[in-house]
Amino acid sequence: MAEFLDLEAQDGVRMPWNVIPGTKQEAINCVVPVSAIYTPIKHFPNMPVLPYSPLRCRTCRAILNPFCMVDFAAKIWICPFCFQRNHFPPHYASISDENLPAELFPQYTTIEYETPGEVASIPPVFMFVVDTCIIEEEMAFLKSALSQAIELLPDNSLVGLITFGTFVHVHELGFGQIAKTYVFKGSKDVTKDQLLEQMSFFARKPKPSAGVIAGARDGLSSESIARFLLPASECEFTFNSVLEELQKDPWAVPADQRPTRCTSTALSIAASLLGACVPGSGARIMAFVGGPATEGPAPIVTKSLSESIRSHKDLDKDSVPHYHKCVKFYEGLSKQLVHQGHVLDLFACALDQVGIAELKTAVERTGGLVVLAESFGHLVFKDSLKRVFQSGDFDLGLSSNGIFEVNCSKDIKVEGIIGPCASLEKKGPLCSDVVVGQGGTSAWKMCGLDKATSLCLFFDIVRKESPDATVQSTSNQFYFQFMTYYQNNSGQMRFRVTTLSRRWVAGPGSIQELTAGFDQEAAVIVMARQVSFKMETEAEFDPIRWLDKALINLCSRFGDYQKDSLSSFSLSPRLAIFPQFLFHLRRSQFVQVFNNSPDETAYFRMILNRENVANSVVMVQPSLISYSFHSGPEPALLDVAAIAADRILLLDSFFTVVIFHGSTIAQWRKGGYHHQPEHQAFAQLLQAPHDDADLIIKERFPVPRLVVCDQYGSQARFLLAKLNPSATYNSDAAVPGGDIIFTDDVSFEVFLDHLKRLVVQ
Amino acid sequence: MAAPVPPGASRPGDNTSPPAPNYNPNFRGFPDSLADNMQNLNLNRPPMTSNLAARPPPFGQSPAFPSSSPSPGIPGPSPPFSRPGPPPVAQLRPSVPGYGPPSSTLPLNFVPGRPTGPPTSQPMFLGSRPRPSTLLSSTGSPAAPTSGGPYPGSSLPTHPIGPPLLTPGAHPNTLTSTPLSAPQVMPPSGSSGNVMSNGPPVFSSGALSARPQFPPINSASQPPVGPNVVRTPPGPALQSQLPSSGAPQGTMPPLGSPFGVPSWRMQPQQVAPPPVPGPTQTSQMFGMPPPLPNQSMTTTISPAVGQTGAPMAGPSKIDPNQIPRPTPSSSVILHETRQGNQATIPPPATSDYIVRDTGNCSPRYMRCTINQIPFSADLLVTSGMQLALLVQPLALPHPSEEPIQVVDFGESGPVRCSRCKAYINPFMKFVDQGRRFICNFCGFTDETPRDYHCNLGPDGRRRDADERPELCRGTVEFVATKEFMVREPMPAAYFFLIDVSMNAVQTGATAAACSAISQVITDLPEGPRTMVGVATFDSTIHFYNLKRALQQPLMLIVPDVQDVYTPLETDVIVPLAECRQHLELLLESIPSMFHNNMTSESAFGAAIEAAFLAMKGSGGKLLVFQSVLPSLGIGALSAREAEGRTNTSAGEKEAHKLLQPADKAFKEMAIEFAEYQVCVDVFLTTQTYVDIASISVIPRTTGGQVYYYYPFSALSDTAKLYNDLRWNITRPQGFEAVMRVRCSQGIQVQEYYGNFCKRIPTDVDLAGIDCDKTFMVTLKHDDKLQDGSECAFQCALLYTTLFGQRRIRVITLSLPVTSMLSNLFRAADLDTQFCCFLKQAASEIPSKPLLQVREQVTNLCINALFSYRKFCATVSSSGQLILPEALKLLPLYTLALSKSIGLRNEGRIDERSFWINYVSSLSTPLAIPLVYPRMVAIHDLDSKEDHNSVIPSFLPLSSEHISNEGIYLLENGHDCSIYIGDSVSSDILQRLFGVATVDEIPTPFVLQQFDNPLSKKLNEVVNEIRQQRCSYLRLKLCKKGDPSGMSFFSYMVEDKSTGGFSYVEFLIHVHRQIQHKMTA
C-alpha cells in the first residue's frame, strides 16, 4: 500500500492496476478496469516550476519528459509515445549528460511550466446569485455570510450580484445614486442577445451589426460592463447596503403553495451576463439556493404543495413530469458555461430539496463546488463558504479555465473521464469507441478546478493477444502523459505535465504480477465512481448485482482456493480488504439510495467524483478511531462491536464526523468530572477526539457536519448506520459493547461466507 | 359657508402649503370644514367628520369676525381675499377669514355632525328660502352674513348636511316648525349686497332690485367669499426654477371668480332691426314667456344681395359693423331652472350665471340643444336642427349656487322605477294618496315604498316635496348602497410615469415633470386612502420601491418591453403618508440620475402597460409624461407623419388616415385599463411628432385627457405643466364611474360622444371623471310625443369620490314637448348646438376627407337657417338673409369652425390630432372660444378705465381691427397669443416687456411683470383669463412679419383667407344657398 501512496505523492495518480494487464482480454478478465485517478493540480511542495515553454513532440505533441531517450551528441530526443525523433531547439544546445534540464530529471515526472507574462487580463469574477424566497431568519444568516464573504475576496476581484425569487433582480452595483436593479420575469428565459439589448449595453454606441458580442474586446464598452461587475474594493459598500436592504421576496404566497422561485432563470441570466461581459476568463457563479425551483424553464416541482418533490422512486418510475426538461435545460446551461469557461458553484441550504439532482450536470461539468446544508445558519454552510475565499494553509487553491489533455502509448485508448470536467470533443486515434463518462475525446475543459479535484480516467487496452506474445520484449512499458493547462488563483497561466510509465504483463504467469500491482483502495473508488455513473445513466441497472458479480469474478480469478472447499479460500494481502470495501460500498449512500433524496444522492456522488482516493475511501468505508484509558487512540473495526461503554469513538464518514461517547463516558461527562482538576486525564480523553475532529474539519471541503453524541442517544444513529451490523436484534450471542443495530442487513461475516461459497463453486 | 366653491377648493394640503407660485387654477385657503358644509363640493369631501381644529386657518391674520366691521378698505387687487370690485362687495368678503380660524377662540358652535336644529330666532332672511330650515342649516355658516344681524353664526347650526336630516321623514317636527312656508319671499334689500358679492364686480344692486322675485341664493348660508380668497400669491418656489423670468408673472393675480366670466352675451341692440330682447333677457322672462312673433326672434341682414345679384357685389353693401357678432355681457344672470312649473330657457353657456335649481337641473350639468322637444322626428328633421344633450355631470358650480344635496336612503337605496330603473325625481307623479307613483320615463306605476310614503297636498304634490331634495331638485346625489359596489370603493391612487429618455432629459421635460409632481403631491390629501407611485422609462421601465423601511428608494428596472410585468406586487404604489420623504428625494434626484442618459428610445406603450399592471389591483389615475414618439416595445409607433410627407401621393389621398390610430394595440390596452378603472392622462412635453392620434386613444378611452406642450420649452412651459397637473389632480373628480342617460318614452339615446369606454350600449364606463369632462348624447325619436306634455332626461352617474364614498349623481331635466317649429327656433340653444357641430365634426375628421367635413358643417348651418327662412319667417324679403335670433351667430361660428385647426388643410398632424382629442371632451362654455377666440387690445390697457371687468371688451376677429401700433392678446381657452405690431412704440414695449424693440424680446417668451401700471394690468388680465378658463394658457409671442405673426392671423376667421370666405362672403354664400333651396 505504501508504495502506492508514494506514487501518489510524486504524481498525484492512483491506479487500480499498477501493473497493467497487457491485452484486451486480459484487461476484461481483471474485472476492475484499467484506470487512473489523477489529481491534476495536486499541491507538491517540491515540484519545480519552469519559467519557459515546454518542448513538444513534432508529431504527437507530447511533452519532453524523463522517459524520453535522449541522444546528447545528436541533440535528439525520442518521443516514447510515437517514437518520433525530435531535435532539440537551439536554446537546449548546452544539454548533456551532466547538464540536464529539469524536465528530464527522473524524479520530476510531474513538472509545471509557467510562461512568463502570461497572466490573465481580467481578475477573478464572482457573481453571487442569491435566493430571496426564504424566511427572514435564513435571510439574516445568508446576508451575514455573504457580507463576510465579500470581505474575504481579493480586492481586485470583480463582484456582481443577482437576487431572485418570483423575479430575477440583476443589481447594477456600479450605479452610484440609488440602488438600482434590472428585474426579469422569472417565468421567461432570456437569451444573451435579449439580455444585451434589454440591459442597454448599446446605449452609448450602436450595436455591432454582426459577430459575437462578448466582453470589452468584442463590442461592449468597459463602462457598461463595469455597471454590473465591480472590483470588490469599490463595491463593498454598495454590495453591503444592497444586502442590508434585501428583503424576502415580496410576492404573496398562498398557504397551499410554495414560493415562486425561478432558480433556473436566475442562473441562466447570470450565465448570459457573464458570457457577455467576461467570456473566457475565470468567473464563478455562486448560487445560494434556499428551496425548490418552481418557476421558469426548469422547475423541479409545481407551486402547489399538494405535489411532493420527486423521490428516487418517482424518478425510477419516470413519473416526474419536469425532470427531463430540467435536466435538459441544465445540460444546455452547462454547455454554455463550459463554452464561456465559467463555473457554477451551488450552495443549497434548505430542509427541502432544491434541485441538485437536476443541477448536477451544470455544476459537475463546470467543476463547480457544491455544498448541501440544512440552513444558511448551519456551520456546514458558513464555514464552507469561508473556506472558499480563505487564503492560507487550507485554501482550496481555486483555479480556473483548465484544459486537461491525455497522451498515451499506442495500445491504449481513452474511454473517458468520470469527474468534474467536460469533454472538448477532440476526437483522435486516442479515443476509444467505448465511452465512459465524458468520453470520445482526448481533451477536457475544467472550468473550475482546485487542489483536490481528482479525475477518474478509464482506459481501454486495445493490444490483441498476438502469437508471438512471448517474443515481445522490446518494450513492456505503457506510457501516459497528463497535461493540464490552467489559470491558478493568482491569475497566472500554468501548464502541468505528469508522465507515467507502467509495465504491462500478459500471459499465464501474469496473475502474480498483477496482484502485486493491485491498489485496492483505488480499485474500490473506481468501482464506486463507475457504479454511480451506471446507476445514473443506465436504465434498469442493478448495482448490487453488478458489484457482487464483479467481486465474485475478481475473487475467483485472483483468490487461492480449491473447488468447493470453503475453508481453502484465501486472498493475497493485496486484495484482502477489497471484499470489505465492496461490502461497505454496497451499503454506502452511493448505492443505497433508499432514505436519501435524489438531491442528497446527487450531492454525495458529486463529491465522490471530485475527491481523491483517500477521501473517497472514507466516504465508502468510514474510518473509526477509538479512545480509551486503556490505550492511546487506535483504529477500530468499523463494526458494532467497536462500541464499548468506556470508549470514545471518532467516526469520519467524510460528510459527517461523529464523536460517540460510550455510556460510561457519557455519564462521567454529564457528571462534569472533566471540570474537576483531579480528573484531568478524563478531560484530556474527552478532548482528544475533538482535537482530531478539528483537524479533519479544518482541511476538508465541504466542511463536514460534526455530531457529538452519546451511546443510546438519538444522534448515535449517525454512527450506527455506518457500522457493520455484526450484532443485530436477531443475534443470539451476547453483545460485547452492549449495542445492537436494528437492521435486517447482512453482516460482513455473512457476506463473506456467501462470497466464498460462490467463488469456490 | 358656501364658501367658495371654487374649483377643487380647499384641500387639506392647501392650508399648510406655501403659496404656490404663479397662478393656481384651483382656489385655496378655505378651512375644510367649511367647505365640507357645502354640498356642492361634496364630491371630494370625506364624511363630515372633519376636525376643525386640525385645520389651521389659511389666513390667520384676519380678524375673527370681520363681518361685524366691514372692511371696506380692501383696495385693489393686493390683499389676498380681495377681488377688485366695488367696496360694498368687500363688506362680504371679510367674512371668509371669519370662519377661517377654526380655533377654539371662535365662539362658534361648531359641532359637526350634530343637528342642533335651527333656532327659532333664525334671522329672517333665512325664511326667504323655500327650503326646509334643516337643509339650510346644513349649509349655514357661522360667519355668514354681513348685513344679516348679529353673529348669526353662533346661532346657526353649522351642521353639515347630515344624512339623518335628509333621510326622508326624519325630522318632521323641525320641518314644520320653521316658518318657512312662504316660498320665494324676497329678502330685504339689505341682503342684496350679499348677492352682489357673489357675482362679478359689475353686479350692481340696481340690477338686483330689478328682479325682486329672485331670492338671493345662499345669501346667508353661502357668504360669497367665492373664489377670491382662494388665490394665494404665487410663491417663490417655481420662480426659482425660472430665474430668467425675473419678475414673476402673476405675482399678484387679480382675484376674480372663475365663474364670473363676463363673456359674450348677445346684445340684441347691436343686431340689425328690430331690436328684440335676446336670450340675455331670458332671466326676465320667468314663467312662460308670451309667444313672440317670429319677427321678434329674428335677425335680418338687410341690404343683402339680391336674388340675382352678382356674387361679389354683395359685400360692399353689407356694413361689416352691422353683422351679428358676439358681444360681452357685463352682468351676472340669475337663472331659475323652472318657473311656474315650466322649464325656463337657460342662459348661454358662455355667460356668467347663477342657477337656482327649482326642479330642473342646472344647465351646467346638462343642457339640450333645443329647450323644447319636437313632438315628432319629422318636426325635428324639418327644423334642420339636432337634438342632443351635453352632459357635464361634475361641472363646477358657481360659488353662489346652492350645493347639491346628498340624500341617503339607507339600506334600501334610492327609490327607483321598478321597470326602467329611473331614479326618483321631481317629475315622478304621486297618485293614489301617495301610495303609488308614475314614472316620468316609462310611464309605469310603482308602489311607493312603505317608509317613503307621504300624503299628497291639495295641489297634488307630496306634502314633503319641498323638503326632499330628490323631489324638488333637478340635481341630487344619492349615497350608493352595497348593490352599487362590486368591491370596496377604491383608494385614490396616483401613479406618475415620467419619460427620462435622452430627449426628455435634455429638453428639461423630465425636470419640469419631476418638479411639478413634487409640488403637486403636497396638494394631495394625506389620508390612508391616497396612494402614490412613480416610475420612469426610456427603453426600459424603471419602477421605484418607495417603502419606508428602505433607506432610500430602490430602482427596479423592467427591461423586457415586449412582455412587461410589474416588478413588485406591493410597495410600488404606497400610501402617500408613508413615502413622502422618499418620494421627494426621488423626484429631486431623477433628473440628475438620468442626466447622462443616452437612450433615445422610448417604450411608452410598455411603460403604461407595466404601470397599469402595478395599478391593476386598485385602479387609479395614471399620469404619463412623454416626450418622444414611442419607438420600442408594446405599441411602438413609426414616424408615419414623415412617411406621409415623403410619399405625397398616398399622403394626399388619405391624409385623414394619419389622424386615425396607427394600430389596435393601444385600443386594446385602453379597454383593459378602463376595465380595471385605470384612468390615463398624458402630458406630451415634446418637440417632435409623437403621433397623438395613436396615443390619445388611451386617455380617451379611460376618461383621461391629453395635454400638449409643443414645442416644449423648459423655460416657458414648466409653469404651465405644473398648473395643469395641479388642476388635473385637485379638481373635483371621481373614480370607477358608470354613466347612463335615460329619456322619456318616445325618445332614446342614439350615441354617446366623449372620453369613455363603452362595453354595453346603454352605459358608458369612466375609469375617471372630472369636472371638465363633457359628454355629448345624441337623441332620436322612436315614437311620437304628446304635444304639451313634458319629456324628461335623466343622467345618472355612479362614482367613487376621492374619499372613498360611492355616490350616484342624478341629473334630471324635463322639457316641454312642442309641435310648433317656431317654438323650436325660439328655444334653440346656440352654444349647445354649436358645441354639437364641433364635436361631430371632430369625430368625423379622422374618417372622412376634410372637404366633406367642412361641407357637412356648412350644410348643417344652412339647413337650420333654411328651415327657419322657409317655415317661420313671415316677412320674406327675398333680398334679406333672415336669421333666427337664437341662432344669429351660427354662420359666424360655422365659418370659424371650418377655419379651425382641426378642419384646416395645413398644419401639423399632431396639432390637428390634439385638437380633435381636445374637442371630444370639451365643455360647452369652452367650445365657442376654441373656434372664435377672444381678442383684446393690450397696448392701451391702462388708458381704459373699465371698472366692470378686468378684461377689456374684445375685438372682432378681423385684421381690420389690428393696428401696427398695437399689441393684442388672443385666447381660446387653451392657448394664448400675444401679437405685436411692427410699429409699436418703444415706450409700450419697454413697459410691457422691458425691452426697447420687438426683436429684443427673448424667445421662448415668458410674461414678466414690471413695475408699471400697464404691465400690472396685463398680468391681471392674463391671470383673470387663466382663472376663468381653469387653464394656464400657453403664451405665444407673435410678431408681425415672421411665421408666428402669420399663425396669429390664421385666427382672424372673419378675414378672407386661403382657407375660405370672409365673414361677409360667407353670409352671402349661406344666403345664396338658402335661396337656391327655396327655389328648388
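**Salt bridges and a helix pair in the predicted model**

In this predicted model, the side chains of B:Lys720 and B:Asp724 come together in a salt bridge, 3.1 Å from N to O. The two sit 4 residues apart in helix 25 (residues 714–730) of chain B, so about one helical turn separates them. B:Lys720 is buried, at a relative accessible area of 3%, and B:Asp724 is buried too, at 6%.

Across all chains, a search of the whole structure turns up 70 salt bridges. One of them pairs B:Asp560 with A:Lys188 at 2.7 Å, N to O. B:Asp560 is in the loop between strand 17 (554–558) and strand 18 (574–575) of chain B, while A:Lys188 is in the loop between strand 12 (179–185) and helix 4 (192–198) of chain A, so this pair joins two chains. B:Asp560 is buried, with 7% relative accessible area, whereas A:Lys188, at 26%, is partly exposed. Over in chain A, a network of salt bridges links A:Glu8, A:Arg14, A:Asp519 and A:Glu521.

As for helix packing, helix 28 (residues 850–871) and helix 29 (residues 890–898) of chain B pack at about 175°, their axes 9 Å apart. That angle makes the two helices roughly antiparallel. Helix 28 of chain B brings B:Arg854, B:Val857, B:Thr858, B:Cys861 and B:Leu865 to the contact, and helix 29 of chain B answers with B:Leu890, B:Pro891, B:Thr894, B:Leu897 and B:Ser898. By type, the contact residues split into 6 nonpolar, 3 polar and 1 charged.

An unreviewed UniProt entry lists residues 734–818 of chain B as "domain: Sec23/Sec24 beta-sandwich". In the model, that span is 67% strand and 0% helix, with its end C-alpha atoms 37 Å apart.

Conventions. Residues numbered from 1 in each chain as written. Chains lettered and ligands numbered in written order. Predicted model: local features only at pLDDT ≥ 70, side-chain atom pairs only at ≥ 80, totals over all residues. Heavy atoms only, no water. Axes fitted to C-alpha atoms, helices over the stretch in contact; angles between N-to-C directions. Parallel < 35°, antiparallel > 145°, perpendicular 65-115°, else oblique. Contact = heavy atoms within 4.5 Å. Nonpolar A, V, L, I, M, F, W, Y, C, P; charged D, E, K, R; others polar. UniProt positions renumbered as here; feature names shortened; annotations may be inferred. Salt bridge = Lys/Arg side-chain N within 4 Å of Asp/Glu carboxyl O. Buried < 20%, exposed > 50% of the residue type's maximum accessible area, 1.4 Å probe, protein only.
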